[in-house]
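Hi,

Here is the structure I promised to pass on.

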Amino acid sequence: MALEFRSVTKRFPTNSGEELTAVKDVNFRVEEGEFVSAVGPSGCGKSTILSMTAGLYQPTEGQVLVSDEPVTGPNTHVGFMLQKDLLLPWRNIISNIEFGLESRGVGKEARRERAMKELKHCHLEGFDQQYPYQLSGGMRQRAALARTLAIDPEIILLDEPFSALDAQTKLLLQNSFAKTIAEAGKTTLLITHDLAEAVLMSDRILVLSERPGTVIADIKVDLPHRDEPIKRRTLPEVADYAAQLFKLLKLEEKAA
Ligand code: ADP
Ligand code: MG
């Protein structure tokens, strides 16, 4: 399923009575099966874009479309995964993965079967009976991905899912997420402040301005190995793409 923003502006009320414009006139489209990242300064409205895609907020102006239909509220087409894994500490891993299926009324056996399948996809075999506190940060994020995939959404939204991890775990996890998502053929929108991560994982990168965020560049990443960031990482062009993003975000000027 494709995802599209058409001239989307989002304003929030503030305590002072003035309105805060989080994002302004945002336009982009993510085609079915594409992996697109959005990068931009802190506070430019990245999470707001994901929340509108998930139907948690309505745009003030413009339209958010999933499969060419306006998003009117939370729906089963979209799976949302955050930086914090939000696994329930009192449930073991398999019943955490089943959680979303349970609230959708899927029967016990079908639930367990789907959850076990995703456990395997996310390389967590043998950990089904463990509790979240018994797993490393990287494994917990894999369990959170398994829970997101278990409800079989057509679109996956990832809000900085690797930012709390150490560098090596991060690279391994980027690789395993990329593979799993490519195999499942999901349309994906990843929010990240890690420019290298955007280059390693994406078909395209949207660059957002300072708040109010708007799309200032839409860069096609013309490199192989989208499903294997560890391989893509060795290509010399990766540094060129990262430098291009660095420039667009005016990081040198900001450091001066
Ligand atoms: P980012 O994810 O890029 O860091 P956010 O989308 O979280 O940015 O926030 C963009 C701006 O909108 C920020 O100034 C933030 O304070 C504001 N904002 C986000 N959500 C709300 C809300 N529910 N109510 C009021 N202001 C909000
Ligand atoms: Mg955010």
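To get you oriented: in which strand is Thr187 found? Thr187 sits in β8, which covers residues 187-191. (Helices are DSSP runs of H or I with at least four residues, strands are runs of E with at least two, and both are numbered from the N terminus.)

Before going further, some ground rules. This is a predicted model, so local features need pLDDT of at least 70 and side-chain atom pairs count only at pLDDT 80 or more, while totals for chains, interfaces and linings use all residues. Residues are numbered from 1 along each chain as its sequence is written, chains are lettered from A and ligands numbered from 1 in the order in which they are written, and side-chain values use heavy atoms, with hydrogens and water left out.

Back to Thr187. Its relative accessibility is 1%, so Thr187 counts as buried. (Buried means under 20% relative accessible area, exposed means over 50%, and partly exposed is in between, with a 1.4 Å probe and protein chains only.) Glu31 is 156 residues away from Thr187 along the chain, yet their C-alpha atoms are separated by 7.0 Å.

**The ligand**

Which residues surround ligand 1? The shell is made of Phe12, Leu20, Ala22, Ser42, Gly43, Cys44, Gly45, Lys46, Ser47, Thr48, Tyr57 and Arg211. (A residue is near a molecule if one of its heavy atoms lies within 4 Å of it.) By class, that shell has five nonpolar, five polar and two charged residues. (Ala, Val, Leu, Ile, Met, Phe, Trp, Tyr, Cys and Pro count as nonpolar, Asp, Glu, Lys and Arg as charged, and the others, Gly among them, as polar.)

Here are some polar contacts to find on screen (pairs of N or O atoms within 3.5 Å; within protein, one must be able to donate a hydrogen and the other to accept it, and residues adjacent in sequence count only if both atoms are side-chain atoms):

- Gly43 has a backbone N or O atom 2.7 Å from an oxygen atom of ligand 1.
- Arg211 has a polar side-chain atom 2.9 Å from an oxygen atom of ligand 1.
- Tyr57 has a side-chain N or O atom 3.0 Å from a nitrogen atom of ligand 1.

On its own, ligand 1 exposes 560 Å², and the protein buries 64% of that. (Accessible areas come from the Shrake-Rupley method with a 1.4 Å probe; for residues, only the protein chains shown count as cover.)

Two elements, β2 (19-30) and α1 (46-53), each supply at least two residues of the shell around ligand 1. Helix α1 gives the most, with three residues. Why is α1 described as largely enclosed by the rest of the structure? Because seven of its eight residues are buried; they are Lys46, Thr48, Ile49, Leu50, Ser51, Met52 and Thr53. Just after α1, Gly55 takes a positive phi of about 80°.

**The largest pocket**

The largest pocket has a volume of about 540 Å³. (On a 1 Å grid over the protein atoms alone, a pocket is an open set of points with protein on both sides within 12 Å along at least five of seven lines, a cavity is a set where a 1.4 Å probe fits but cannot get out, and lining residues have an atom within 4 Å of a point. Points are joined across faces, edges and corners, and a volume is the space filled by probe spheres set on them.) It is lined by 20 residues, and Gly79, Phe80, Arg104, Arg147 and Ile151 lie nearest its centre. Strand β6 gives the most to this lining, with four residues. By class, the lining has 11 nonpolar, five polar and four charged residues.

**The cavity**

How many cavities of 30 Å³ or more does a search of the whole structure find? The search finds one. The largest cavity has a volume of about 50 Å³, and its lining includes Glu160, Phe162, Lys170 and His193.

Most residues other than glycine have a negative phi, and most peptide bonds are trans. Arg211, which also belongs to the ligand shell, is joined to Pro212 by a cis peptide bond with omega of about -5°. Ser67 has a positive phi, near 55°, and lies in the loop between β4 (61-66) and β5 (69-70). Lys250 also has a positive phi near 55°, in the loop between α8 (237-248) and α9 (251-255).

Happy exploring!
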